[in-house]
Amino acid sequence: MVYKFSNMKYVPLLVFQLILMILYFIFVRYGGDKHHDIRGFEDTHVMIFIGFGFLMTFLKKYCYSALGFNWFLAALVVQWALLCQSFYHMEDNIIYITKKSLLEADIMSATVLITFGALLGVASGTQLLFIAIIETAIACLNMWLVSNVFKAADVGGSIAIHTFGAYFGLGVSWALRPRKATPTDSTPSVDLNGPSYTSDVTAMIGSIFLWIYWPSFNSGLTNSNAEYQRAIINTYLSLAAATVTTFVLSSSVSKHAGKLDMVHIQNSTLAGGVAVGSVCNMHISAGGAIAIGIGAGILSVLGYTFLTPKLTNFGIIDTCGVNNLHGMPGILSGLLSILFAALATSHGYGKELEGIFEEMKQDGTGRSSGNQALYQLLALAVTLGISIVGGIITGALAKMPVFVPLKDTEKYDDEVNWELP
Amino acid sequence: MVYKFSNMKYVPLLVFQLILMILYFIFVRYGGDKHHDIRGFEDTHVMIFIGFGFLMTFLKKYCYSALGFNWFLAALVVQWALLCQSFYHMEDNIIYITKKSLLEADIMSATVLITFGALLGVASGTQLLFIAIIETAIACLNMWLVSNVFKAADVGGSIAIHTFGAYFGLGVSWALRPRKATPTDSTPSVDLNGPSYTSDVTAMIGSIFLWIYWPSFNSGLTNSNAEYQRAIINTYLSLAAATVTTFVLSSSVSKHAGKLDMVHIQNSTLAGGVAVGSVCNMHISAGGAIAIGIGAGILSVLGYTFLTPKLTNFGIIDTCGVNNLHGMPGILSGLLSILFAALATSHGYGKELEGIFEEMKQDGTGRSSGNQALYQLLALAVTLGISIVGGIITGALAKMPVFVPLKDTEKYDDEVNWELP
Amino acid sequence: MVYKFSNMKYVPLLVFQLILMILYFIFVRYGGDKHHDIRGFEDTHVMIFIGFGFLMTFLKKYCYSALGFNWFLAALVVQWALLCQSFYHMEDNIIYITKKSLLEADIMSATVLITFGALLGVASGTQLLFIAIIETAIACLNMWLVSNVFKAADVGGSIAIHTFGAYFGLGVSWALRPRKATPTDSTPSVDLNGPSYTSDVTAMIGSIFLWIYWPSFNSGLTNSNAEYQRAIINTYLSLAAATVTTFVLSSSVSKHAGKLDMVHIQNSTLAGGVAVGSVCNMHISAGGAIAIGIGAGILSVLGYTFLTPKLTNFGIIDTCGVNNLHGMPGILSGLLSILFAALATSHGYGKELEGIFEEMKQDGTGRSSGNQALYQLLALAVTLGISIVGGIITGALAKMPVFVPLKDTEKYDDEVNWELP
């Protein structure tokens, strides 16, 4: 039998997989036997693999790649992220793995998938995998700064996951922009850069599952029952309000007789989950959650309508519009976290205060609310800085011929990567 | 930058959303910090948004509208239903919101989506939203009568949700019937009133997810572990038996050599979950659950085959056949609840009796089983009355030009509402 | 009204359903009121009905049959399996049904669906249902031998479910092989034996949901929190590693410039879940779980590439390639269970030892690790023997004209069984 190993382009990934295996053998042991009853794990799992995967199938001839690379990237990143995240919490050079740390790795992989959304159809498989490995390491460093150095509150990851992933992606996209500045020239396969009737329907599978389990995502890492319930309620209300707002606004900004635009429906409906993420466990009130959702829906639909075309002209392709779904709503959430940190009092929060803002103490020792607000600002600013700079550098590296960048005629096309029927 | 707000048709909904926000600010506070570990919430969530949404994608050119309006309606209704339901349980003019009350609002939104099923493709977006807002208020009133006044047992909501939603929808449908009585004339876009191969497959996503999580739906509001487990087991067995029965019968009533009909498979398989709903926490025995499922399957398939054509001739369009999936099986469940209430004894139920039949006491004080049976009958009769009358009046109002009814040529067609690829 | 019962082919199934009902009335009672908080039930439910159902929609014109028969078979088998399994555990001729026994019945139905995968498109509906009923009885007998007689460890069912289902299916397939040996002659509808772009996307719904909930499947029947968490972690890591390996290898063995093959992506990614199944609750170490996943991915992709064509030439059609997804990885898992049983010490496992290996005692009484290893071998060998012989005999019986075998021109075609749009 003659083995037909005709192509080696992904073989370095197998080497990386083997290195991961060896690192796990050396450093990883099973953690405590406490039954971490974290349902958020299974729900987040659905979001990562079904949610992100199917959301990105909206392109008419890129469904295989959307689903396939989403899966490939996430399966690699969860293993790698678990090591990168745990690196900062090792005890005697040992990493104790638990269901909770798996959940954290799942959440981290969302960062990479958001970046993938910006690059959908324009980056090659090898580029994506290279970017994913680098981004994971940088994002875990940033996460450590946000959580463990600045001790900022960011329970749903709107700062460290959504904002980071979006602006890292835009940074890469800008670095990868084609040399010819004219956007028309740079997208000859522009006829493939759009949906079909069927692909828009399969994209809704992803969108709706993301929407459904977003409350589980935002509440997965809460520390008490009260916090957990508040995170569920606030996220749910914000999403519902963003959805209503998105439908109304999509019809209003439409060019044709009030028709709805599937791009808004698939994406801006979710902006409510991002915008409430960093503050969903705080006392924002149910009405406040709805207000945040309304604001997120408006911000996101207007972003798709007015801002995305400008970014494209500027050379920043953002295929899924992650700036409108994750980026700007993520910044909004960061700003809200500054506001609600500044308003936080031990009177209002009682013994919950330390669970939400680690460095503020119920007895008044520890950080003041003003100080906490500054640290929230710092977390947002550092995240923006690291993600943009990191993205641009990573994108510049990814342009190297060894990563086989796509030709213009190969963009948005499964043909390059798949045996098609 | 010139804002292109070209169309205002949904803007009143944004006003309604803002009113909801204000009402939440004034009346709603976070409820107790007890961790209501209600997994039924997430599962029901999947049923509402994926289940109902995809089930209704079976029409070949109405998939966007099915998914979109399902989402739009449900996102609006959950916010509104939470207020309407809690209105009857306010303490000092404050509504305490919990994960459980979110679940109840989710369940209530099923009512509106069942009604949507009857009207699929024949009502405009503005009509649907108007109907949804009115129906939610009426259905919450009826729910209060059933649960808090009559104290009827209806754990899975087969009376107050399924029966109500179905007959409200048929009432609206009758009121909206076109003036020309000839059914052929009234449906010129009749060629769009049918499935494609692909749309029937996506509809199965909805159907199977509804089926899978129906045990969670029926058991979500049980009061004890024994009740919970019984509700799971009975619902599961009834669904399984209804499924087998549906396949056999669909083949038997077929016109062509025993071929199966996707309409039956997508819908009648679920009738077992409806028919067992009101009694699933009672001592109906495992064999009884299977018998109910067999009966529901027979009732539903025969309904599709023989009754739906007659209703259409009578001017009642029922696009999804909700009468066969929710209506008649819901009435069956109501009748079964009369039977099993009449058979209930404190000997048989022990200390569980009060958990299931609120007004019956283990020590014999409180309602007799005969009395409880009468109240079950009353709940069913009042539900039928309010839903039919309410539906007809709401439908008559929805015919007003302000709600932009569809022309015959616009029916079953996404073109009216969506920017299509 | 004249009833149009034109076809009776499935009516015996309704009789069987009625017999099941009677058996449930006689023998089944509700089990203890302990709230078995088994989320694995709902997750496994998704795997059985969405996972297996959609995975098999990859054929271009067999989607209705894949989803429909998957549902029909599973709904029948769960009822039947619950009786067959509980038969060996009756108390005073009474079967006590619980949420846990429903979960076990769900798991058992996977066996039949794996077999269905081998026969997809080549067996008629009546043949499939006949095979399912016989197979369930035999598989429950084998399960009883493995669990209760040999007391072998097989928590994820890789021996008793996956290996059994795969080789039973191959046995049936061999028995059903067409008389003319030339494979070309035997598959005239060969143009239907392949995917379309859309059907490959819907198949991914099934594949990814199977992948997502596999940790729940493997951990569903664990006995302690430590075991549960280990099963989750090991299954997850093995799946992730198998996924990465599958992508790399699929590209490497490709005929065309490193293109990926959807058959591998949909199936071999899951082999990691099977290969780790029997040992996922043991101390295999996180690195070990990754190693198993890598091995499973390699085994499965190479199986599809080199072995499946040979089996087809030998007359064994295996439409979904269950040998590569369930069969060989299942055997691998069985062999691993021999290895890890042989390595098990009371020092390493402590008080968990008895939970995992029922007959090994912490104090050294009971089976030695060598003995346990022999029983693991026995379980694997007996499973292979019973499944292959049982499959061949069942297949031979299923060839009888009463089960209406398909003509060659009817294979892989929904037209035979469904009213198509």
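**View 1. Interface surfaces of chains B and C in the predicted model.** Of the interface residues of chain C, only 9% are also interface residues in chain B, so the copies meet through different surfaces.

**View 2. Helix 9 of chain B against helix 3 of chain C.** The axes of helix 9 (residues 225-252) of chain B and helix 3 (residues 63-86) of chain C come within 9 Å and cross at roughly 130°. Helix 9 of chain B is therefore oblique to helix 3 of chain C. The crossing of these two helices is left-handed. Helix 9 of chain B contributes B:Tyr236, B:Ala240, B:Ala241, B:Thr243, B:Val244, B:Phe247 and B:Val248 to the contact, and the residues from helix 3 of chain C include C:Trp71, C:Phe72 and C:Leu76. By class, this contact has eleven nonpolar, three polar and no charged residues.

**View 3. Helix 5 and helix 16 within chain C.** Helix 5 (residues 125-149) of chain C and helix 16 (residues 369-398) of chain C have axes that come within 10 Å and cross at roughly 160°. With angles over 145° counted as roughly antiparallel, helix 5 of chain C is therefore roughly antiparallel to helix 16 of chain C. Their crossing is right-handed. Among the contact residues are C:Phe130, C:Ile134, C:Asn142 and C:Leu145 of helix 5 of chain C, and C:Val382, C:Ile386, C:Gly390 and C:Leu397 of helix 16 of chain C. The contact divides into eleven nonpolar, five polar and no charged residues.

Terms used:
Residues numbered from 1 in each chain as written. Chains lettered and ligands numbered in written order. Predicted model: local features only at pLDDT ≥ 70, side-chain atom pairs only at ≥ 80, totals over all residues. Heavy atoms only, no water. Contact = heavy atoms within 4.5 Å. Axes fitted to C-alpha atoms, helices over the stretch in contact; angles between N-to-C directions. Helix = DSSP H or I, 4+ residues; strand = E, 2+ residues; numbered from the N terminus. Parallel < 35°, antiparallel > 145°, perpendicular 65-115°, else oblique. Left-handed = near helix turned anticlockwise from the far one by under 90°. Nonpolar A, V, L, I, M, F, W, Y, C, P; charged D, E, K, R; others polar.
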